[in-house]
Amino acid sequence: MDSPPPLPQLNSLPPVNWDALDALVLDFARSDRLVVPPHAATADAADAGCPSPPSSPSSSTTTATSSAPSSSSSSSSTYRSRLLILRARRALEAGDVDGALALLHAHAPAALADHRLLFHLHKQRFVELVRRGTEADKAAALHCLRTALAPCALDAYPEAYEEFKHIMLVLIYDKDDQFSPVVNEWSIKRRFELAGLLSSILRAHLQAYDPILSMTLRYLISIHKIYCTRQGISSPISDLTERLLFEDRDPPVVPQECSLEAPPFDEVDVQALAHAVELTRQGAVDSLKFAKGDLYQAFQNELCRMKLDLTLLDKLVHEYCIYRGIVEGSFHVLPGGGDLKCSQNNDVNNGTQLECAMADNQNGECSTSEITRDDSWSKRLRRVRSNTSGQRRRKRWRGRVDDLDYACEALLDANKHDSLSPALDMDEDTVVEQQDVEANSNTSATRNMEDQKYEVVLEMQDLTRKGMASKVVEEISSVDPDFFQQNPILLFQLKQVEFLKLVAGGDHIAALKVASTHLGPLAANNQALLKPLKETLVTLIKPNEDVLNGVSLPVLASSLQVAMSRRLGIEEPQLMKIVRAAIHTHTEWFKLQMCKDRFEHFLKIDSLKEVDPPVGSCSMSKALTDECGNGSSQITTCSSGKVPDEGSSPPVSSEVACDENAILKVMEFIALPRADAIQLLMQYNGNAETVIQQIFQ
């Protein structure tokens, strides 16, 4: 049997805005206290071009709740709340129901107003007391039965009293009896199910949702899996996605019974939620009831039910942060990162050969053997580093708090509620100074050649962001004389920046000299460059202050980083591969759905798709963009505009004559995905009643 076809090669997929991903990653690292920022972090980040954390999706969506951190104080509060939820969860998973109840009474008493939850907690407490088996514990179990469980069963929900009578059977059936009528009640799995349920309830109650990056990855990966399955396509990132996003989820939250009938929900919202997070229609209705009709809160609740491997996610984020220069560290010394590296010899039939395809440039001549054999390479690197402006202050990676008990004890102490870890107890400047001492104790001789190469790439990226194009060309040429022969388009773009800066400064003579010496010969050898050359020369007649308006230096800096990294054999981070492939399948999936994604702005997915050419949106023809996208100087990095063909989710096709109400009716009655409902309606001239009759005949 033939293997399914793979997705297009990763380096040929549509562009991704890496600056937008930087912002999401930095927000994640700050929200989870994974980094210790350096002195004056905000000012330094602005000067160095570092992205600021994204605002909450709900801040720009009126119907959404304010769940993501918008300030340091709200971020700290959310972090403490998530620590509280994590400790309560782990207490239940360990069978310590009393500990979980104590946490709730102290910090979330309103959550215990949910009689359904309270009944489940007391029921599990009763089971755990009986499980211990001592006489004292059995006496405590009977006391729990009389004073807590029985009263709670009377008004929890209609079936609670029957469940109460059933749970009493654990008193006479042994926990090791696999044929008893209460074998499920004895199961350890019940602890984890209850822990997941409690986490969902507390998360909504405390508005302690995960960082946007975490939710966005859950959503994109789930769509990626569905798309690949439905289309019969093999995924080049399946190994990572299967390990990162688990199949099982926390149990759904059942809304409390209410004497008043819930108001009817808009069917558009019901279907959008159901198909976004793979729920039945009734599941979507229940989720909206629990969120009191708030679609975006219900969406967050359902996303956070999906389980991520946080250890793996931290490694992916750490690797990405080092590659992008967000945090300090050795790119080739990533704790636990060995399992992240992809194989250079993947099986073509498995579709995973795409993992490392980025290593080839457009001419297939990307070997670094000649460079690494050059004895003067190390000296050149040191000279470049000494001549450049110096590294920008990057943040220090602290990692996730290991001592959860310490962190949560600090949380529980009202007098020390901001002391979440030893590192956070200290002033950030003190932490940085201590780490500087430790870093300086290591001599420069310990840096290996690969680390030096990586630092030079970041140096060139920083210089490009500052617009020092001529300096960049000079330094790269001194390090690797063949680099621009392999990347002529990057040379053209850098010389474009140099030209435009001279024009903006009023030095037209020097600008024309750059054009005749560099831009003209490059365009003569590449017909695709003639149009941008003409548009560049037009700036000579524009007002000086308007010349640089279309220049996007961060895009060019990222393009340069990608090209230099490939040239030097520095492998692309796995997170970039995940996002590139998932963004592509997200776009393709909503083309099939023939509608716009309701949640893409909420999760900043539209920002990840906003990409411009690096030097003015009008200065690059589509032919040039395509050529760059397939070459080592591809313009698929970061920006601020939109690619017309591959931007946000596509609008509904004008060729589809189906009425929206008819589409929703078929989706509702037959429980079909939107694309399948549209296909059926097109077969029956858009008549929903005819479709339903044909199905149920």
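Helix 22 contributes the largest share of the lining of the largest cavity, three residues. The model is a predicted one, in which local features need pLDDT of at least 70 and side-chain atom pairs count only at pLDDT 80 or more, whereas totals for chains, interfaces and linings use all residues. Residues are numbered from 1 along each chain as its sequence is written, and side-chain values use heavy atoms, with hydrogens and water left out.

Cavities were defined on a 1 Å grid over the protein atoms alone, as sets of points where a 1.4 Å probe fits but cannot get out, with lining residues having an atom within 4 Å of a point. Among the 11 residues lining the largest cavity, Ile476, Val479, Asp480, Met564 and Leu568 are the closest to its centre. Two or more lining residues come from each of helix 21 (449–465), helix 22 (469–479) and helix 27 (553–567), helices being DSSP runs of H or I with at least four residues, numbered from the N terminus. The lining comprises eight nonpolar, no polar and three charged residues.

In helix 32 (residues 674–683), Arg674, Ala675, Ala677, Ile678, Leu680 and Leu681 are buried (under 20% relative accessible area, with exposed over 50% and partly exposed in between; 1.4 Å probe, protein chains only). Just after helix 32, Asn685 adopts a positive phi of about 55 degrees.

Tyr173 is located in the loop between helix 7 (160–167) and helix 8 (183–186). Tyr173 counts as partly exposed because its relative accessibility is 30%.

Technical notes
On a 1 Å grid over the protein atoms alone, a cavity is a set of points where a 1.4 Å probe fits but cannot get out, and a pocket is an open set with protein on both sides within 12 Å along at least five of seven lines; lining residues have an atom within 4 Å of a point. Ala, Val, Leu, Ile, Met, Phe, Trp, Tyr, Cys and Pro count as nonpolar, Asp, Glu, Lys and Arg as charged, and the others, Gly among them, as polar.
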